[in-house]
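Please look at the sequence and the 3D structure below before reading on.

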Amino acid sequence: MNQDLTYTIDRYLKGKLSEEEQRALEEKMQQDPLLAHEVTWQKDIYHALGDVRRAALKSRLDNMVVHPSPHFLGQRWLTAAVVGTLLVAGSAYYYAASDEPEPTAHQAIEAPVTYPEAYTLHRIQRDALATVSPEDASSKEAPVPIDEAVNAAPTAFIKARPAQPAVVPPQVTSQFAEDAPVVDYSDFEAPEKSALQENAYREENVTVEALSDSRYTFHYQFFDNKLYLHGNFDQTPYKIIALNSEEDKKLFLEFDGAYYRIGEHEVAVPLVKIEDAALVKSLKNMSAIN
Amino acid sequence: MKDSVVIEKISRGDEKALEYLYRKHYRMMTNAILKNNGTEQEAKDVYQDALIVFWQKVTSHQLTLTAKISTYLYSVCLNLWRKELDRKSRLSYEEHDQPEYLNDEAEERKAIIHACINQLGDTCRKILTYYYFDDLSMQDIAKKLGFATTETAKTKKYKCKKRLDNLVKSTYSASDFLD
């Protein structure tokens, strides 16, 4: 399949083809059953990727702790306390950086401040007061923003400065070779093998439920730290192994002498045995220790 | 943060802006559902789903918002909730003898694909979901994942997609033999 056709199918799935282009592709599909078959697969993959991304975003939101919004009186008090402890220049800077016209001190207290911004502002301004003097302002390096809601360096004495994002150079990972002609799959496997040696085994409070009368013969679901095993798990014992690395934790199932990856899935998916000998060996060691 | 700033950040795939919105409108949106015969959990679910609809429309540049974000979110929430209420009332009228296996083959294909996606590394999974679901530009994907250039992102996406395609096809044909 050439890259152009692949790209066309991508755009077709995203609904980005013009009416003419769409008709042309569909005609081609009618004439070529292999192409039609390919598009069916690509459509399923496209929807599955959507499911995965939606689930990831949803669990991210779900894991957030949402505090009830503070009583309005509380907001005013907080804002007043913040403004009251700052120099006038500091508060003038803040309001100049956002798009409001420069208010008087009295107006500043009235202006509504949303909960997260007030907290962040308080902390940044407090730090700014402690460390910055006018002469130092220019030589100070812009720190990484604590919260992206506040878009400027905390130099309290620069007035009317337009909001600028602090520049954080992207982390360049050196693990892949850009010019390598050979396809390098080392990034594709999860987890990184070197990480396994360093990881500590930690007790996971994952709740497991085995469902034997399910339409699925050997599948699982895993979300919200709950693992549902579908299949015949009554006879043989199983074990959950968690490997924690810097970025995240990975779960594995040990069952009947084999190992299976457990990923976040709300929809039941089959348990796929791990074939990678090195990984299996590491998991065996991990299992033996605990 | 002003609505326009939030939208700008979201259009680049900034998930912190999503979190900001979630907190900001949580009370208002969940209250709307609670007042409409929803439970706390249902309200939360509908709100999250609505927010993700909004997210995707913005990241894929399909939305030109003329009203406030809260107004838009509110209407999406109510629409989703109305659909859910319809679904619940339909279920209560019909007998519970719906065929469970609506389309075995499609379900199986879906399960295989999910398992294969799960086998991809985090980076691959992110590149592909950002490209296909969020429809972010290669430039934004490169920035989000810390690649040196846009070309790097393009190459990785190509390799990751090939890898996924191969995984899916080999797994599917393998399972064919088992039947």
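In what follows, Ala, Val, Leu, Ile, Met, Phe, Trp, Tyr, Cys and Pro count as nonpolar, Asp, Glu, Lys and Arg count as charged, and the others, Gly among them, count as polar. This is a predicted model, in which local features need pLDDT of at least 70 and side-chain atom pairs count only at pLDDT 80 or more, while totals for chains, interfaces and linings use all residues. Residues are numbered from 1 along each chain as its sequence is written, chains are lettered from A in the order in which they are written, and side-chain values use heavy atoms, with hydrogens and water left out.

**A cavity lined by both chains**

- The structure holds 4 cavities of 30 Å³ or more, where a cavity is a set of points, on a 1 Å grid over the protein atoms alone, at which a 1.4 Å probe fits but cannot get out.
- The second largest cavity has a volume of about 60 Å³, a volume being the space filled by probe spheres set on the points, which are joined across faces, edges and corners.
- Its lining residues (those with an atom within 4 Å of a point) are A:Tyr220, A:Arg261, A:Val269, A:Pro270, A:Val272, B:Ala115, B:Asn118 and B:Gln119, and they divide into 5 nonpolar, 2 polar and 1 charged.
- Helix α5(B) gives the most to this lining, with 3 residues; helices (H or I, at least four residues) and strands (E, at least two) are DSSP runs, numbered from the N terminus.

**Aromatic rings**

- There are 12 aromatic pairs over all chains; rings of Phe, Tyr and Trp (its six-membered ring) pair if their centres lie within 6.5 Å, and planes under 30 degrees apart count as stacked, over 60 as edge-to-face and the rest as tilted.
- A:Phe218 and A:Phe255 form a tilted pair, with 6.1 Å from centre to centre and 40° between the planes, and this pair links distant parts of the chain, since A:Phe218 lies in strand β2 and A:Phe255 in strand β5 of chain A, 37 residues apart.
- A:Phe218 counts as partly exposed at 25% relative accessibility, whereas A:Phe255 is buried at 7%; buried means under 20% relative accessible area, exposed over 50%, and partly exposed in between (1.4 Å probe, protein chains only).
- One aromatic cluster is formed by A:Phe218, A:Phe233, A:Tyr238, A:Phe255 and A:Tyr260.
- Between the chains, the charged end of A:Lys14 sits over the ring of B:Tyr131 at 3.7 Å from its centre, and B:Arg109 lies over the face of A:Trp41 at 5.7 Å from the ring centre; a charge sits over a ring if NZ of Lys or CZ of Arg is within 6 Å of the ring centre and within 35 degrees of the ring normal.

**Strands and helices**

- Strand β4 (residues 238-244) of chain A has 5 of its 7 residues buried, so it is largely enclosed by the rest of the structure.
- β4(A) and β5(A) pair in the antiparallel sense over 7 bridges (two strands pair if DSSP finds at least two bridges between them), and the bridge partner of A:Tyr238 in β5(A) is A:Phe255.
- Helix α6 (residues 122-134) of chain B is also largely enclosed, because 10 of its 13 residues are buried, B:Tyr131 being one of them.
- A:Ser287, in helix α10 (residues 277-289) of chain A, counts as buried at 9% relative accessibility, and A:Ser287 lies 7.1 Å from A:Ile241, C-alpha to C-alpha, although the two are 46 residues apart in sequence.

Conventions. On a 1 Å grid over the protein atoms alone, a cavity is a set of points where a 1.4 Å probe fits but cannot get out, and a pocket is an open set with protein on both sides within 12 Å along at least five of seven lines; lining residues have an atom within 4 Å of a point.
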